[in-house]
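This report describes the nonpolar core, a surface patch and the aromatic pairs of the structure shown below.

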Amino acid sequence: FDAEMQLSSLSDAQGQYYLGDLLLHMNRLNEAEAQLQKAAALDPQFSGSYASLALLKVRQGKWQEALQPLARAVEADSKNYLAHYYYAYMLQQRADAGSANEDMTAWDVVRTHTERAIELAPHFAEAYGMLGYVALVSKQKTVEAEDALKKAIGYAPGRLDLRLRLAELMVVNNEAPTARTLLTVLQNSGSDDRIRMQADRLLENIKNREDYE
């Protein structure tokens with residue numbers, strides 16, 4: 001161990017960042033913000049400071065203030081999966097409120113950062129739900145999103161919302177019989193009212209579509 005161990009010195013900015021990030025994880029937000037601001041001032045090119053600052057703003061409920069440091073973090077190719085996820089989430093909110101002409105480009109960017117979050121944290125279930133949503137709204141890469149959702153359910157079998165999203169993708173991908181089976185299970189499960197109501201709605205949509213055809 002002694003022979004293989006390597007040492008490296010931290011810059012002042014990195015030292016301030018690690019202290020600020022530790023304080024953030026301890027939920028000492030005011031102290032964390034002061035340290036992280038120092039780190040960003042000492043080295044504006046160090047992405048870690050911006051990622052932690054953004055997550056701090058998210059915890060404070062200041063989503064709009066989180067967008068700028070999130071953008072700085074992901075532009076520097078941050079290895080923080082939450083930075084990419086929350087950046088995708090913020091862009092998703094903006095895309096939902098945007099015009100149809102802007103949507104396609106916006107959804108491509110949302111998908112890129114969602115996929116990056118999954119790449120960095122394969123077991124992070126929230127990102128898979130986002131990926132499925134992007135596929136449904138943009139009507140692109142729905143088959144790939146379905147495969148990703150199946151993988152996510154293997155990681156988090158108790159997440160019924162992921163099963164519901166998977167069923168939605170199956171309907172879009174013309175797999176109505178399989179979707180109906182999945183939705184019937186959700187309909188009869190002990191899940192919350194929201195999940196059951198959405199399962200009812202999708203089953204009704206499938207029936208209406210089949211009757212029409």
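## Nonpolar core

In the largest nonpolar core, which has 66 residues, Leu70, Tyr87, Val110, Leu164 and Leu183 touch the most other members. A nonpolar core is a set of buried Ala, Val, Leu, Ile, Met, Phe, Trp, Tyr and Cys residues joined through side-chain atoms within 4.5 Å; buried means under 20% relative accessible area, exposed over 50%, and partly exposed in between (1.4 Å probe, protein chains only). Helix α7 (residues 125-138) gives the most to this core, namely eight residues. Helices (H or I, at least four residues) and strands (E, at least two) are DSSP runs, numbered from the N terminus.

The model is predicted: local features need pLDDT of at least 70 and side-chain atom pairs count only at pLDDT 80 or more, whereas totals for chains, interfaces and linings use all residues. Residues are numbered from 1 along each chain as its sequence is written, and side-chain values use heavy atoms, with hydrogens and water left out.

Apart from its neighbours within four places in sequence, Leu164 is in contact (heavy atoms within 4.5 Å) with Leu183, Leu186, Ile195, Gln198, Ala199 and Leu202.

## Surface patch

Leu19, Leu22 and Met26 make a nonpolar surface patch of about 270 Å². Patches are made of residues with over 30% relative accessible area and no salt bridge; like charges are joined within 9 Å, and nonpolar side chains (Val, Leu, Ile, Met, Phe, Trp, Tyr) within 5 Å. A salt bridge is a side-chain nitrogen of Lys or Arg within 4 Å of a carboxyl oxygen of Asp or Glu. Leu19 is found in helix α1 (residues 12-25) and is partly exposed, with a relative accessible area of 39%.

## Aromatic pairs

The whole structure holds nine aromatic pairs. Rings of Phe, Tyr and Trp (its six-membered ring) pair if their centres lie within 6.5 Å; planes under 30 degrees apart count as stacked, over 60 as edge-to-face and the rest as tilted. Trp63 and Tyr86 form an edge-to-face pair, at 5.6 Å centre to centre and 65° between the planes. This pair links distant parts of the chain, 23 residues apart: Trp63 lies in helix α4 (residues 63-75) and Tyr86 in helix α5 (residues 81-97). Trp63 is partly exposed at 29% relative accessibility, as is Tyr86 at 21%.

The ring centres of Tyr81 and Phe124 are 5.0 Å apart and their planes are at 65°, so this pair is edge-to-face. Tyr81 in helix α5 and Phe124 in the loop between α6 (100-120) and α7 are 43 residues apart. Tyr81 is partly exposed, at 30% relative accessible area, whereas Phe124 is buried, at 17%. Trp63, Tyr81, Tyr85, Tyr86, Tyr89 and Phe124 form one aromatic cluster.

Conventions:
Areas by Shrake-Rupley, 256 points an atom, 1.4 Å probe, with all protein chains shown as cover.
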